[in-house]
Amino acid sequence: MKKAKEKKSNAIWSVILGVLSIAYMYPIVMILFNSLKAERAISTNTAFKLPTAETFAGLANYVNAINSQGFLKSLGYSLLITVTSVAAILLFCAMCSWYITRVKTKISNGIYLLFAFSMVVPFQMVMFTLSQTADMLSLNKPWNIWIIYLGFGAGLAVFMFAGFMKSIPLEVEEASMIDGCNPLQTFFMIVMPMLKPTMVSVGILEAMWVWNDYLLPTLVLDIKKYRTIPMLIQYFRGSYGRVEMGPMMACIMLTVIPIVIIYLAGQKHIIKGVAAGAVKG
Amino acid sequence: MASITFKNVVKTYDNGVTVVPDLNLEIKDKEFIVLVGPSGCGKSTTLRMIAGLEDVSSGELFIGDKVVNTVAPKDRDIAMVFQSYALYPHMTVRDNMAFALKLRKEPQEEIDKKVNEAAKILELEKYLDRKPKALSGGQRQRVALGRAMVRKPAVFLLDEPLSNLDAKLRTEMRSQIAALHKRLETTFVYVTHDQTEAMTMGDRIVVMKDGYVQQFDTPQNLYNYPCNMFVAGFIGSPQMNFMDVTVEKDGDGQVLVFGDSRVAVNKPELNEYIGKEVVMGIRPEDIHANSNAHVGAPSEFSAFINHMEMMGSENYLYLDAYGQKMLARIPARYEFSEDTTVTLSIDTGKIHVFDKETQKIICH
């Protein structure tokens with residue numbers, strides 16, 4: 001009796017969550033379908049129709065997206081910014097969290113609270129002063145914008161690293177000191193390898209954010225010279241504001257692919273890393 | 001190979017708490033020293049000061065004839081085995097053991113030789129390519145020992161290394177560590193709160209309480225001649241019985257009176273305590289059912305058996321003697337039953353008398 005009731009409630013939940021997941025997936029599937037349709041078949045009226053033999057354009061939109069508007073250049077900028085920013089966040093935030101967790105002073109505690117606080121400050125609150133400051137300090141190039149990303153990404157990274165770091169027994173580090181390590185060797189040879197699960201999860205979360213970020217590069221970078229992929233998408237407009245929907249959809253799909261691959265590859269670590277930080281933190 | 005000397009060493013933490021108020025200790029070269037005491041007595045702090053993991057607040061700490069107060073842990077020529085093993089989880093057993101040697105940039109051949117040698121002694125050869133998480137507790141502890149061994153340090157420090165192991169493994173590892181000490185001929189400093197470990201392993205034992213050394217002596221002397229009630233109670237299991245008794249004069253000698261019982265002793269040190277209360281200490285095995293088993297003169301007393309525990313070869317009798325609690329260890333061949341009053345005797349040759357106020361020994 002109880003089992004039957006449980007089964008029924010499971011079925012209801014499955015239906016509700018199934019419908020919800022379709023609702024979430026639907027826009028992405030729509031973009032995929034439209035990216036395969038000919039330009040004329042994408043309009044307000046026809047956008048929801050599946051591609052037919054006449055409207056199917058194959059990979060033409062993708063070829064178009066890659067060849068026009070400097071897609072490859074933008075891809076390069078996006079890659080450069082994402083890689084440098086994530087690398088900087090991982091290295092500096094891991095070191096910073098190590099200091100905060102191991103050196104227990106009022107100052108280190110205060111710094112930790114500041115990092116946690118920075119997570120709740122909305123970006124919009126600081127964006128105009130930030131773009132001014134970035135201009136003043138010449139941090140408006142794709143090769144040095146990572147300094148800004150480091151600042152904005154540090155809150156979450158330090159919070160997660162510090163949470164995990166607390167679960168590493170201090171004795172392991174003491175053993176390495178007795179074995180002959182200096183603090184830098186202890187960090188790179190002992191602490192960092194132990195941080196691997198958190199490194200992967202922080203890396204993926206930050207990479208997703210930096211890769212998809214539109215607002216910060218738009219505000220900071222010289223929009224005429226440097227366009228990241230999210231910035232590029234809006235430039236698939238012809239003259240007089242005509243939107244080239246086909247290539248735009250294709251470009252969106254191309255943008256999503258790398259991040260989905262990274263996410264799938266590191267999915268296991270994300271859950272492990274987040275759980276470790278949360279439970280033991 | 002090195003001796004260790006503490007000269008007026010003080011350890012005060014940043015929050016103002018003084019854990020070790022004034023430590024003077026001389027540990028000889030190649031000695032196996034055990035620091036023992038209850039939690040918070042400062043024994044681990046003392047060990048960590050030797051390791052260089054805690055600063056010395058004042059005083060001087062020598063390893064050999066060199067003051068090491070400000071010397072970094074890696075330059076002290078020590079090795080340490082931690083309670084939680086502290087193995088590097090991302091390295092294999094081989095890499096764990098070779099880590100210190102690699103940092104010293106020793107030639108690879110030499111490293112391999114030393115690691116294999118240590119693995120052979122500790123029976124770890126089969127596990128050299130495993131990661132620590134794939135090992136049992138005992139194996140992990142042996143890796144920790146191996147990691148310390150390969151470095152051939154002047155001083156070997158062990159911080160409660162057996163407390164995470166089960167009872168059987170503990171006994172096994174105890175003898176392995178003792179054998180290791182004989183083989184390596186190095187100074188060993190071993191911290192534990194377990195008096196059995198201390199008694200079975202140490203050449204000499206430092207009994208600590210509240211940061212002060214209570215007594216520093218051989219296991220036999222600590223057991224037979226404790227300097228105060230704390231040491232007498234801490235060393236020995238089950239612990240020594242303490243009875244409040246009054247000293248009375250009896251001819252040339254003295255008697256210790258509790259209830260109807262009069263224990264005759266002849267100790268000149270007790271003359272100044274005539275008419276006063278003192279504490280009589282008697283170990284559970286020095287209370288006998290048969291008066292022939294005594295070293296000194298037997299002194300009989302009657303007691304009520306509250307509770308009895310069978311231990312196989314012997315029974316523990318929980319007694320009530322004139323309102324005072326006592327424990328007696330009686331061979332199992334004597335048959336007793338609970339809730340009865342029995343007559344037992346105290347071996348007067350094994351009595352310890354303590355000052356009630358200072359808790360220090362008056363006479364053995």
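Author: Domain bounds come from an automatic or database domain assignment. For chain B that assignment gives domain 1 (4–234) and domain 2 (241–363), and the C-alpha centres of domain 1 and domain 2 of chain B lie 39 Å apart. This is a predicted model, in which local features need pLDDT of at least 70 and side-chain atom pairs count only at pLDDT 80 or more, while totals for chains, interfaces and linings use all residues. Residues are numbered from 1 along each chain as its sequence is written, with chains lettered from A and ligands numbered from 1 in the order in which they are written.

Reader: What makes the contact between domain 1 and domain 2 of chain B?

Author: Six residues from domain 1 of chain B and eight residues from domain 2 of chain B take part, where contact requires C-beta atoms, placed from the backbone, within 7 Å.

Reader: Why is α4(B) called roughly parallel to α5(B)?

Author: Helix α4 (residues 137–149) of chain B packs against helix α5 (residues 167–184) of chain B at an angle of about 15 degrees, with axes 11 Å apart. Axes are lines fitted to C-alpha atoms, for helices over the stretch in contact, and angles run from 0 to 180 degrees between N-to-C directions. Angles under 35 degrees count as roughly parallel, over 145 as roughly antiparallel, 65 to 115 as roughly perpendicular and the rest as oblique. Therefore α4(B) is roughly parallel to α5(B).

Reader: Which residues of α4(B) and α5(B) make the contact?

Author: Among them are Leu145(B) and Met149(B) of α4(B), and Leu169(B) and Met173(B) of α5(B).

Note on methods
Helices (H or I, at least four residues) and strands (E, at least two) are DSSP runs, numbered from the N terminus. Two residues are in contact if their C-beta atoms, placed from the backbone, lie within 7 Å.
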